[in-house]
Amino acid sequence: MAESYKAVRFHEYGGSDKLALESIPLPELKSDEVLIEVHFAGVNPVDWKIRAGYLKDFMPVPLPFIPGIDVSGIVANVGSGVTNLTKGQAVFGIASGGYAEYAVAKSDDVIPKPEGLSFELAATVALGSLTAWKAVEDAGVKKGQTVVVQGAAGGVGMFAVQFAHRKGATVIGTASADNLAFVKSLGAEKAVDYRKGSLEAEARDADAVIDLVGGDALEKAYGLLKKGGTLVSVAGQVSEAKAKEFGITAIGSMRGPTVHLKAIAELLEKKGIRSEVGKIFPLSEAAAAQDLSQTGHGRGRILLKVK
Ligand SMILES: NC(=O)c1ccc[n+]([C@@H]2O[C@H](COP(=O)([O-])OP(=O)(O)OC[C@H]3O[C@@H](n4cnc5c(N)ncnc54)[C@H](OP(=O)(O)O)[C@@H]3O)[C@@H](O)[C@H]2O)c1
């Protein structure tokens, strides 16, 4: 193995022009870590939010910092205490420094990649599906309920629609016109174009709203729920006062634990759920990939092709 590798990193917070492809020494592994030779890395909104410095007060990162949480690849080395993975295994999951030829992960945060799942698709899965899993759990979604998923075509939304649908809920997903058919293909009963302003008419008295958009969409979500309903947002700050006013429960939600990755991988392998690749960029075009992510629009997960 070479002693240095190529990584995209930033030395100070700022625009995507701060991202630079550099050659750096291989990291030393802690006993519970694995080194992954990255094939594909997912580009998540949190990557550009960190780079822009929006999260620095409560989630500071050591600079220079290599973005990238979602990876697929091959285990290139294992720490002294790792017993669940071996060199040469194909894996995917949650890592750090994914925008690089090599990334480090806790050995429990990545799992063997099912054979039927391509490296490409595998890199679209972890953060989005684990976040959706937890949001659906937090919303207490049950059979027969009506659940609105705001931002249903994105990297989290595509899983939230499928998980809620699999629980037997009637799902109403929001997306722009180009993504409505995609959202329905995931199991949504209805897909509503949020740009047409018809959501209040299409989705009233919902049991739960899973908000993956924040801003205005989150503000309007309270009014879509029946009394006693549950609003879960992963994209904005929920208001206790507003929840009280509407007689609902509002929950701020985060990514669920990686222990669920195995069940998710099995569902993907059995085609019980599916994932979708967005646009693919070479590693050297990470800045363009983050710029696209920052538009807040698109279908599935944007990827960097590393190998
Ligand atoms: N708290 C956590 O742990 C956590 C974890 C993961 C993600 N997140 C957050 O969750 C949000 C979604 O993440 P993601 O990865 O799914 O993002 P993404 O892949 O960029 O998807 C965003 C989706 O939102 C849709 N959209 C944009 N504006 C909309 C609106 N007004 N109404 C309805 N849909 C709209 C877009 O659809 P169109 O292209 O059709 O417009 C797009 O499909 C981000 O803010 C991210 O930071 C939080």
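This is a predicted model: local features need pLDDT of at least 70, side-chain atom pairs count only at pLDDT 80 or more; totals for chains, interfaces and linings use all residues.
Local features are reported only at pLDDT of at least 70 and side-chain atom pairs only at pLDDT 80 or more, while totals for chains, interfaces and linings use all residues. Residues are numbered from 1 along each chain as its sequence is written, and side-chain values use heavy atoms, with hydrogens and water left out.

Side chains of opposite charge can pair when their charged atoms come close. A salt bridge here is a side-chain nitrogen of Lys or Arg within 4 Å of a carboxyl oxygen of Asp or Glu. The whole structure contains 11 salt bridges. One of them pairs Glu12 with Lys18, at an N to O distance of 3.8 Å. For accessibility, buried means under 20% relative accessible area, exposed means over 50%, and partly exposed lies in between, with a 1.4 Å probe and protein chains only. Glu12 is partly exposed because its relative accessibility is 46%; Lys18 is partly exposed at 28%.

Another salt bridge joins Lys106 to Glu33, with the closest N and O atoms 3.8 Å apart. This pair links distant parts of the chain, since Lys106 belongs to strand S6 (residues 102-106) and Glu33 to strand S3 (residues 33-43), 73 residues apart. Strands (E, at least two residues) and helices (H or I, at least four) are DSSP runs, numbered from the N terminus. Lys106 is partly exposed, with a relative accessible area of 35%, whereas Glu33 has 10% and therefore counts as buried.

Lys226 and Asp207 form a salt bridge with an N to O distance of 2.8 Å. Here too, distant parts of the chain are linked: Lys226 is in strand S12 (residues 225-233) and Asp207 in strand S11 (residues 206-211), 19 residues apart. Lys226 is partly exposed at 33% relative accessibility, and Asp207 is buried at 16%. Elsewhere, salt bridges with shared partners connect Asp32, Glu33 and Lys106 in one network.

The backbone has some points to check as well. Leu63 and Pro64 are joined by a cis peptide bond with omega of about -5 degrees. Pro64 sits in the loop between helix H1 (45-52) and strand S4 (70-78).

Asp205 is not a glycine, yet has a positive phi of about 60 degrees. Asp205 is located in the loop between helix H6 (199-202) and S11, and counts as exposed because its relative accessibility is 52%. Lys271, also not a glycine, has a positive phi of about 60 degrees. The loop between helix H9 (261-269) and strand S14 (277-282) holds Lys271, which is exposed at 65% relative accessibility.
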